[in-house]
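I opened my notebook today to get to know a new structure. Here is what I will be looking at.

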Amino acid sequence: MSDAHVNPRERQQPVSRGWWLERGSYFMFMMRELSCVFIAWFVVFLLLLVRSVSRGEAYYQHFLGRAAAPGIIVLNVVSLVFVVYHAVTFFNAAPQAIVVSAGGTRVPPAFIAVSHYAAWVVVSAVVAWLLVGG
Amino acid sequence: MKKLRLEPVLWMLFSGGGVLAAMLIPVLLLFFGVLFPLGLTPPPDYARLLHLMSNPITRLALLALCVMSLFHFAHRFRYTVVDGLKVKQLDFLITPVCYLAAIAGSAVSAYWILQIP
């Protein structure tokens, strides 16, 4: 694109491709956005687990063995950090996205965030119980 | 315009997928990605996991988690690359590739989840 076609406003504020490296808060913003890549990886990992369970016990054991490879463990630990960061930022932003009114008054924003965290604890506990409880 | 009508749906999938992923992925990743592989907790035996996964509610939850998470990924990745990393020139390519990947991944998810015995 030649300079003649650039919008003058854009020309006034050139933003470099590495803008998010200039400040800690920008960097954390980019890390939050990057969490989606690890969510996509988890979907792949989960589908491989589902597939292995469908195919039989030997395949399930094979999956468990592959998941225990050092590289995969490292990838999953990093993914866990990113996904937890995604969860915290998403729940903290929930009061801005969800406005609920009850009886004509607005439900306090803090309540919306706290209810998300409460649901997170309950859901995690139920999943843990289904997997290893009892 | 078609794009204008689709955009709110994509934002809904993004935020719905974001909530589902936030609620379910950390605990699943903690067990299957960290605790079981490191031997800190014994993994569920095959019969138990098969029984759990065969349940229609589990299947539905797995399908919703996969599909919504994939669209969450597609939407966020698209904006991160196009706006965040300033690759506007390739928007025409990145946007369709992201959503087509989510659609293809959803189809595979549905097929594999249906195939659980």
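Below are my entries, one topic at a time.

**Entry 1: what kind of model**
I noted before anything else that this is a predicted model.

**Entry 2: chain A by itself**
I looked up the make-up of chain A and found five helices and two strands. Reading along the sequence, I wrote down the pattern α-α-α-α-β-β-α. I then checked how spread out the chain is. Its radius of gyration is 22 Å, well over the 14 Å that the globule rule gives for 134 residues, so chain A is more spread out than a compact globule. Along the principal axes, the C-alpha trace of chain A spans about 65 × 55 × 25 Å. I also looked up burial: 23% of the 134 residues in chain A are buried. As for contacts in chain A between residues at least 6 apart in sequence, I found that 44% join residues at least 24 apart.

**Entry 3: where the chains meet**
Next I turned to the two chains together. I found 48 residues of chain B in contact with 45 residues of chain A. Which helices of chain B each supply at least two residues to the side that touches chain A? My list reads α1 (2-35), α2 (46-54), α3 (56-84) and α4 (91-114). Of these, α1(B) gives the most, with 17 residues. I sorted that side of chain B by class and got 35 nonpolar, eleven polar and two charged residues.

The crossing of α2(A) past α4(B) is left-handed. On the α2(A) side I noted A:Val43, A:Leu47, A:Val50, A:Arg51 and A:Ser54 as making the contact. On the α4(B) side I noted B:Gly105, B:Val108, B:Ser109, B:Trp112 and B:Ile113. By class, this contact has six nonpolar, three polar and one charged residues.

**Entry 4: a single residue**
I ended with B:Phe32, which sits in helix α1 of chain B. Is B:Phe32 buried or exposed? I counted it as buried, because 21 other C-beta atoms lie within 10 Å, and the cut-off for buried is 20 or more. Leaving out residues up to four places away in sequence, B:Phe32 touches A:Leu49 and A:Ala67. I also looked up B:Pro43, eleven residues from B:Phe32 along the chain: their C-alpha atoms are separated by 7.9 Å.

Technical notes. Residues numbered from 1 in each chain as written. Chains lettered and ligands numbered in written order. Predicted model: local features only at pLDDT ≥ 70, side-chain atom pairs only at ≥ 80, totals over all residues. Contact = placed C-beta atoms within 7 Å. Helix = DSSP H or I, 4+ residues; strand = E, 2+ residues; numbered from the N terminus. Nonpolar A, V, L, I, M, F, W, Y, C, P; charged D, E, K, R; others polar. Left-handed = near helix turned anticlockwise from the far one by under 90°. Buried ≥ 20, exposed ≤ 12 C-beta atoms within 10 Å, placed from the backbone. Rg over C-alpha atoms; globule rule 2.2 N^0.38 Å.
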